[in-house]
Amino acid sequence: MRITSFSNRMIREVRELLQKPRARQKAGLFVSEGERLCREIPKDLVERVFLSDSYRGSLPAGFRPKDHTLIRVPDELMAHISDTKHSQGILVLVRMLPERVLSGDFFLLLESLQDPGNLGTIFRLAEAAGVNGIYMSSDCADIYSPKLVRSTMGSLYRLPFRIVPDLKETIAELKKKGVRCFASHLLGEKAHYDCDFRSPTAFLIGNEGRGLSPELSEAADIRLRIPMKGGVESLNAAAAAAILSYETLRQREKQEN
């Protein structure tokens, strides 16, 4: 199929999905752009693929034209529907990921994180550090926003996550399963390197500006702090998540050796 009109219904749909969270929720679709990121999309989630006339790169893994809708568009039309400054020539409409049951013994719980780049970075570092899954409060940044999808660099498709209405209930459920919950807090009783993360562990990370709510801080088993020198008052959420996740990885790898 080929589309050349800027007013085509499917072109308007892409623009709406890029710009409006409600449109994404209603359609159950989101947009992924760029050759590398689009290669990561599971084939059963691919709804539609748009390619510019000049595109010569690869398609999503397992993509078959007879099973999926492939649409060619002029380069200027691809630039019109792209959310990036310089389009790579491939854009995919993707079905939202089905809700998954999180299993394992290493989790992050994120409360009210608003910065898409921050949240996307957390997904990438969490996957790299061996985190088993991420729980997010419902008021976190939209996981399917174009910037956030790009910033996960494919971890969105590989790292299980759940958006939950009440993180306090999630903490209670994890505790019942023997998971110790640590709140990252400026007034923590212990430094993070004085804590043992080799047993089942979950870290609570709060909003970029406000930190964790008192309610969640009190629900945790222990509040821990990341020591800081100089005049620095706090670290951003992604930095805190990285330090805690990699300290956990270090302890567990040392235990194995």
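Helices (H or I, at least four residues) and strands (E, at least two) are DSSP runs, numbered from the N terminus. This is a predicted model: local features need pLDDT of at least 70, side-chain atom pairs count only at pLDDT 80 or more, and totals for chains, interfaces and linings use all residues. Residue numbers start from 1 along each chain as its sequence is written, and side-chain values use heavy atoms, without hydrogens or water.

**Stop 1: two loop residues.** Select M153, in the loop between helix 6 (146–152) and helix 7 (155–158). Its phi is near 50 degrees, a positive value in a residue other than glycine. Now go to S112, in the loop between strand 5 (106–110) and helix 5. Phi of S112 is also positive, near 60 degrees. S112 is buried, with a relative accessible area of 7%. For context, most residues other than glycine have a negative phi.

**Stop 2: helix 1.** Select residues 9–19. M10, I11, E13, V14, L17 and L18 are the buried residues here. Seen down the axis of helix 1, they fall within an arc of 155 degrees (taken from the directions from the helix axis to the C-beta atoms), so they line one face of the helix. The face turned away from that buried side carries the exposed residues R9 and Q19.

**Stop 3: L93.** L93 sits in strand 4 (residues 90–95). It counts as buried, at 0% relative accessibility. Show its contacts (heavy atoms within 4.5 Å), leaving aside neighbours within four places in sequence: among them are E13, V14 and L17, as well as F30, V46 and F50.

**Stop 4: helices 5 and 10.** Select residues 116–129 and 237–256. The two helices pack at an angle of about 5 degrees, with their axes 9 Å apart (axes are lines fitted to C-alpha atoms over the stretch in contact; angles run from 0 to 180 degrees between N-to-C directions). That makes helix 5 roughly parallel to helix 10 (angles under 35 degrees). On the helix 5 side, pick out N118, T121, I122, L125, A128 and A129. Facing them in helix 10 are A237, A238, A241, A242, S245, Y246 and L249.

**Stop 5: L110.** Not counting residues up to four places away in sequence, L110 touches residues including L119, I122, I134, L167 and I205.

Key
Angles under 35 degrees count as roughly parallel, over 145 as roughly antiparallel, 65 to 115 as roughly perpendicular and the rest as oblique. Buried means under 20% relative accessible area, exposed over 50%, partly exposed in between (1.4 Å probe, protein chains only).
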